[in-house]
Amino acid sequence: MASSGLISDTEPWKDLKGHVQDINKTHLRDLMNDVNRCQAMMVEFDGMLLDYSRQRVTLDTMGKLIKLAEAAGLKDKINRMFAGEHINSTENRSVLHVALRAQRDAVIQSDGKNVVPDVWEVLDKIQKFSETIRSGSWVGATGKPLKDVVAVGIGGSFLGPLFVHTALQTDPEAMEAARGRQLHFLANVDPIDVARSIAGLNPETTLVVVVSKTFTTAETMLNARTLREWISSSLGPDAVAKHMVAVSTNLTLVEKFGIDPKNAFAFWDWVGGRYSVCSAVGVLPLSLQYGFSLIEKFLKGASSIDQHFHSAPLEKNIPVLLGLLSVWNVSFLGYPARAILPYSQALEKLAPHIQQVSMESNGKGVSIDGVLLPFEAGEIDFGEPGTNGQHSFYQLIHQGRIIPCDFIGIVKSQQPVYLKGELVSNHDELMSNFFAQPDALAYGKTPEQLQKENVAPHLIPHKTFTGNRPSLSLLLPLLNAYNIGQLLAIYEHRIAVEGFVWGINSFDQWGVELGKSLATQVRKQLHASRTEGKSVEGFNFSTKTLMTKYLEASSDIPAELPTLLPRI
């Protein structure tokens, strides 16, 4: 096991710091001419191809990064995670999202107990319940089948399931399985989100899934109470038990809310919220929409990457290589951001999900031992599907700040389109851009090339592209449930690798707590001001001024709130 010292104090870290000078003397134009180098920087696994030859690295760089991983005890940390050790030390918990998609006969321990049977007990319960709903055996309070589902949750209880749902919506097998059904997500406490989530829905045919481990999450529970009122005001209070179920471990509060505890689906404290899409958090609403058998393929895809991550040598391990390259880009080359650029509209919600997984996991300023980090850790993640992003922020990527890019391509489109007389198919047009953009970033365009093209001298500075901008390409054979599971797991483990090397805790999130506690004080003040006319006190001048302005401008809100539901 690695010592508790900072990774930046090790010789491999210092060696890489010095190596940056060597890399700064190179250009990707030249590095890409080395066929042996490029060939060595391609990794194939289960039909997918990773090409990281357009990263600002040499084979020597990769060797030094592997030594850094060894100095960080990366392999040992991976093994400890799979063994169920309490690697989330600040919360004294195991980190076992890999158990959520393990095969039924697998053995994964936490606190001396094999947790896989517990996982499958919940999965079997989800399969049975979802089939009961989808077949029409379970009906609502008025006898109608429940064909519409609203999943209420926030953060990891929302972004991951939404990503998977959006990716599956246009998959032919998933489309057929979902025929006649709708799945909506309600996350934001903003009443506009409530209105949009239930627009066009009939309470008689709607099932609400409330996702909250403790059943106390402020935003989620207010939204849940809102939908409970929406149902009971239309169908009567007794209808709640037929139209609402829960993903929670707090059965007492579930029952108090009006939901039958038998219709509560458990998950565990060794599942972090942002890593919970493979638990009942995601599997329940997704199975209600698409059927459990299809979602089981998604779990198998994630599991295939889990096994690859656990067993493949570091040099051929896709999540490990991606994680090490991120550490290189952030901590050594000084590139703080990463663009996630899937050339598939079905993956439009990938970047928002990975944004949370990455930035909530690795947005830390101290080591796992509480020591202030003397280097930058964590990445700023953003992205948009190609080619939309090309007409949005690629200008900056090509000629402004250097932002390493992940290009994700799919060999076979979910929805192929061919037009007679066109030069290429619609998907070929899309993929032409997928192949071209990484080279444009790597090679750029020189003033000499522009002069040969007779570009006007005053325009040459504006049309010059410096190139030498790093990217990597990940090519998937298909985008079905299995491949979507693989893609999810690749990013989950990549982010863990970064944290393991940086020596931080990627599995806690204390940074989200302070704002929530301050919001409690504000909530009390708003209530006192509205019901008792009390002036705003106990806040700084700026906040007091803003709150006073808000209260004065919204004085039409009654002191004693009546029930008012969205009018959409």
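**Close-up views of a predicted model**

**View 1. A nonpolar surface patch is formed by Tyr 550, Ile 557 and Leu 561.** Together these residues have about 320 Å² of accessible area (Shrake-Rupley method, 1.4 Å probe, with only the protein chains shown counting as cover for residues). Patch members have over 30% relative accessible area and no salt bridge, and nonpolar side chains are joined within 5 Å; a salt bridge is a Lys or Arg side-chain nitrogen within 4 Å of an Asp or Glu carboxyl oxygen. Leu 561 lies in the segment after helix H23 (541-553) and is exposed, at 66% relative accessible area (exposed is over 50%, buried under 20%, partly exposed in between).

This is a predicted model, in which local features need pLDDT of at least 70 and side-chain atom pairs pLDDT 80 or more, while totals for chains, interfaces and linings use all residues. Residues are numbered from 1 along each chain as its sequence is written, and side-chain values use heavy atoms, leaving out hydrogens and water.

**View 2. Five strands make an open, parallel sheet in the order S6-S5-S7-S8-S9.** S6 (182-186) and S9 (264-265) are the edge strands, each pairing on one side only. Strands are DSSP runs of E with at least two residues, helices runs of H or I with at least four, numbered from the N terminus; pairing takes at least two DSSP bridges. S7 (residues 206-211) and S8 (residues 244-247) share four bridges, and Val 209 stands opposite Val 245 in S8.

**View 3. Here we look at Asn 223 in helix H10 (residues 218-235).** Asn 223 is buried, with a relative accessible area of 2%. Beyond its neighbours within four places in sequence, its contacts (heavy atoms within 4.5 Å) include Val 152, Leu 186 and Val 194.

Notes:
Buried means under 20% relative accessible area, exposed over 50%, partly exposed in between (1.4 Å probe, protein chains only). Patches are made of residues with over 30% relative accessible area and no salt bridge: like charges are joined within 9 Å, nonpolar side chains (Val, Leu, Ile, Met, Phe, Trp, Tyr) within 5 Å.
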